[in-house]
Amino acid sequence: MDMKALMEQAKQLQANVSAAQDELGKATVKGIAGNGMAIVEMSGKYDLVKLTLSPELVKEDLDTITAIISAAFNDAKTKADTMIDKVMGEATAGMPLPE
């Protein structure tokens, strides 16, 4: 493969990855725990967009509140990880990567 073609591929890959990062910044996922008592909404860049807590959760003890919020966060992060893998995989699909 000649250098010019390699440079064009690199530019295309950079453009695809940049577009994918923009998409991830705008996309959101929701993590839910405690039968909906805590909902964490985050972007595809792991930014917290919104945290919703039910009045019932606030009545619980601190350990329960912490555990449910953590579970909602972990659920959202797992969903974000899946979304990131999909979007970035599509952005780099077909591009030969160095071994």
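Let's start with one pair of residues. Ile39 stands opposite Thr52, and Thr52 belongs to strand E3. Keep in mind that what you see above is a predicted model.

Now step back to the pairing around that spot. Strands E2 and E3 run antiparallel to each other, and five bridges link them. What packs on the sheet? Helix H3 does, covering residues 62–92. Helix H3 touches E1, E2 and E3. Its direction makes about 145 degrees with that of E1.

Next, the sheet as a whole. In what order do the three strands come? The order is E1-E2-E3, the sheet is open, and the pairing is antiparallel. Which strands are at the edges? E1 and E3 are, and each of them pairs on one side only. From one strand to the next, the twist averages 15 degrees.

On to the loops. Look between strand E1, residues 28–33, and strand E2, residues 38–43. Asn35 is found in that loop. Its phi is positive, about 55 degrees, and yet Asn35 is not a glycine. Is Asn35 buried or exposed? Its relative accessibility is 85%, so Asn35 counts as exposed.

Move along to the loop between E2 and E3, where Tyr46 lies. Tyr46 is another non-glycine residue with a positive phi, here about 65 degrees. Tyr46 has 38% relative accessibility, so this residue counts as partly exposed. The cut-off matters here: exposed means over 50%, and buried means under 20%.

Now the surface. Which residues make the nonpolar patch? They are Leu48, Leu51, Leu53 and Val58. The patch covers about 360 Å². Strand E3, residues 48–53, gives the most to this patch, with three residues. Take Leu51 as an example. Leu51 lies in strand E3. With a relative accessible area of 41%, Leu51 is partly exposed.

Last topic: charges. How many salt bridges does a search of the whole structure find? Three. Let's walk through them.

Begin with Asp75 and Lys79. They form a salt bridge, and their closest N and O atoms are 3.3 Å apart. Both residues lie in helix H3, four residues apart, which is about one turn of the helix. Asp75 is partly exposed at 25% relative accessibility. Lys79 is partly exposed as well, at 36%.

Then come Asp81 and Lys77. Here the closest N and O atoms of the salt bridge are 3.0 Å apart. These two also lie in helix H3, with a spacing of four residues, or about one turn. Asp81 has a relative accessible area of 25%, so Asp81 is partly exposed. Lys77 has 33%, so Lys77 is partly exposed too.

That leaves Glu90 and Lys86. Their side chains meet in a salt bridge at 3.0 Å, N to O. Why are Glu90 and Lys86 separated by about one helical turn? Because they are four residues apart in helix H3. Are these two buried or exposed? Glu90 is exposed, and so is Lys86.

A quick recap before you look at the model again. Three strands form an open antiparallel sheet. Helix H3 packs on that sheet. The nonpolar patch draws most on strand E3. Thank you.

Notes
Residues are numbered from 1 along each chain as its sequence is written. This is a predicted model: local features need pLDDT of at least 70, side-chain atom pairs count only at pLDDT 80 or more; totals for chains, interfaces and linings use all residues. Side-chain values use heavy atoms; hydrogens and water are left out. Patches are made of residues with over 30% relative accessible area and no salt bridge: like charges are joined within 9 Å, nonpolar side chains (Val, Leu, Ile, Met, Phe, Trp, Tyr) within 5 Å. Accessible areas come from the Shrake-Rupley method with a 1.4 Å probe; for residues, only the protein chains shown count as cover. A salt bridge is a side-chain nitrogen of Lys or Arg within 4 Å of a carboxyl oxygen of Asp or Glu. Buried means under 20% relative accessible area, exposed over 50%, partly exposed in between (1.4 Å probe, protein chains only). Two strands pair if DSSP finds at least two bridges between them. Axes are lines fitted to C-alpha atoms, for helices over the stretch in contact, and angles run from 0 to 180 degrees between N-to-C directions. Contact means heavy atoms within 4.5 Å.
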